[in-house]
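Student: I would like to learn how to read a protein model. Could you take me through one, feature by feature?

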Amino acid sequence: MKLFLPKQHGAWAMLIIPFWLGVINGGFLWQHIPFFIGWLFLYLATYPMLLLFKKKKISFYTKWTLIYMVPALLLLAIPLVVRPSIVYFGLLMMPFFMINAYYTSKNQDRAFMNDISAIFAFSIAGLASSYLSQGEVTVTAIIFTFITSVLFFIGCTFYVKSMIREKKNTKFKWVSWAYHFLLVLVLIIGGFWIVALAYIPSLLRAILFYGKKLSPKQIGIYEIINSCLFFIIIAIQIILQK
């Protein structure tokens, strides 16, 4: 049986980075392993679940939703036993899921606000993984796990759209460039030098790669490298902050 997998390749970085930044911030527990695998299955389940709102191939999408959702719930029950209040993070994600469901039902999966909604939902997972260890939402977790992830992936959204769907839209190019430049500038002024460093590769690729004839595969490879650099630098910031 061929697996039914999401086509949004950029979502894999959003699935991984906030979660493990949260682990670094809060401290690793063995329960993070089933937590992450359950989070992975939950993501896989939401893909066919959202497609149900298109009201096509109902039985097919229902089947795959259940295939992924059952192990997701079983695995997520493990961290839930350790920290029952972690369920509130799932509730926080629900409004963003409903926004995604709305855009999916309208066949506007690539809408900018749909992307932003998904970014917030994925980034909340970083707070949850940190909370599992600490039992509280700390300022460090909010700033260096949640906010940094949200800002990074919004930048990725601007960049990818400027390279593919909005590549002929010069206004969008300037919005993307301004976002990346101002983000680095504000962080430097605020004294967050290491965090600013994490966004400099994003700024450089947004400007230098614009207009280049890069294939979606090449764009994706460069984004993997950029995401790894971001993760490493923010992880260093979190460790130094402790």
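Student: Let me start with one residue. Is D115 buried, partly exposed or exposed?

Tutor: This is a predicted model, so keep that in mind throughout. For cover, look at the relative accessible area: under 20% is buried, over 50% is exposed, and partly exposed lies in between. D115 has a relative accessible area of 21%, so D115 is partly exposed.

Student: Which side chain does D115 meet in a salt bridge?

Tutor: The side chain of K161. The N to O distance is 3.3 Å. K161 is buried, because its relative accessible area is 9%.

Student: Where do K161 and D115 lie along the chain?

Tutor: K161 lies in helix 6, residues 139-163, and D115 lies in helix 5. The two parts are 46 residues apart in sequence, so the pair ties them together.

Student: How many salt bridges does the whole structure hold?

Tutor: A search finds 3. Another one joins the side chains of K54 and D109, at 3.2 Å from N to O. This pair also links distant parts of the chain, 55 residues apart. K54 is in the loop between helix 2 and helix 3. D109 is in the loop between helix 4 and helix 5.

Student: Which side chain does R205 meet in a salt bridge?

Tutor: The side chain of E223, with 2.8 Å from N to O. R205 sits in helix 8, residues 193-208, and E223 in helix 9, residues 216-241. The two are 18 residues apart. R205 is buried, with a relative accessible area of 6%. E223 counts as buried too, at 10%.

Student: Which ring does R205 lie over?

Tutor: The ring of Y159. R205 lies over its face, at 4.0 Å from the ring centre. For another charge over a ring, look at K57. The charged end of K57 sits over the ring of F60, 4.8 Å from the centre.

Student: Where is K57, and what is its phi?

Tutor: Start with the general idea. Most residues other than glycine have a negative phi. Now the case here. K57 lies in the loop between helix 2 and helix 3. Its phi is near 50°, a positive value in a residue other than glycine. K57 counts as exposed, at 54% relative accessibility.

Student: What is the phi of N107?

Tutor: About 55°, so to speak on the positive side, although N107 is not a glycine. N107 lies in the loop between helix 4 and helix 5. At 53% relative accessibility, N107 counts as exposed.

Student: Now the rings. How is a pair of aromatic rings described?

Tutor: By two values: the distance of the centres and the angle of the planes. This structure holds 28 aromatic pairs. Take F41 and Y68 as one of them. Their ring centres are 6.4 Å apart. Their planes stand at 45°, so the pair is tilted.

Student: Which helices hold F41 and Y68?

Tutor: F41 lies in helix 2, residues 32-51. Y68 lies in helix 3, residues 58-82. The pair ties together parts that are 27 residues apart in sequence. F41 counts as partly exposed, at 24% relative accessibility. Y68 counts as buried, at 4%.

Student: Which residues form an aromatic cluster with F41 and Y68?

Tutor: F4, Y47, F60, Y61 and W64.

Student: Which residues form the nonpolar patch on the surface?

Tutor: L80, V87, Y88, L91, M94 and M98. Together they have about 580 Å² of accessible area. Helix 4, residues 87-105, gives the largest share of the patch, 5 residues. M94 lies in that helix. M94 is partly exposed, with a relative accessible area of 42%.

Student: One last feature. Which backbone oxygen does the side chain of T148 reach?

Tutor: The backbone oxygen of F144, at 2.8 Å. T148 lies in helix 6. T148 is buried, with a relative accessible area of 4%.

Conventions:
Residues numbered from 1 in each chain as written. Predicted model: local features only at pLDDT ≥ 70, side-chain atom pairs only at ≥ 80, totals over all residues. Heavy atoms only, no water. Phe/Tyr/Trp six-rings, centres within 6.5 Å; stacked < 30°, edge-to-face > 60°. Helix = DSSP H or I, 4+ residues; strand = E, 2+ residues; numbered from the N terminus. Buried < 20%, exposed > 50% of the residue type's maximum accessible area, 1.4 Å probe, protein only. Lys NZ or Arg CZ within 6 Å of the ring centre and 35° of its normal. Patch = residues over 30% accessible without salt bridge, like charges linked within 9 Å, V, L, I, M, F, W, Y side chains within 5 Å. Areas by Shrake-Rupley, 256 points an atom, 1.4 Å probe, with all protein chains shown as cover. Salt bridge = Lys/Arg side-chain N within 4 Å of Asp/Glu carboxyl O. Polar contact = N/O pair within 3.5 Å; in protein donor to acceptor, adjacent residues only side chain to side chain.
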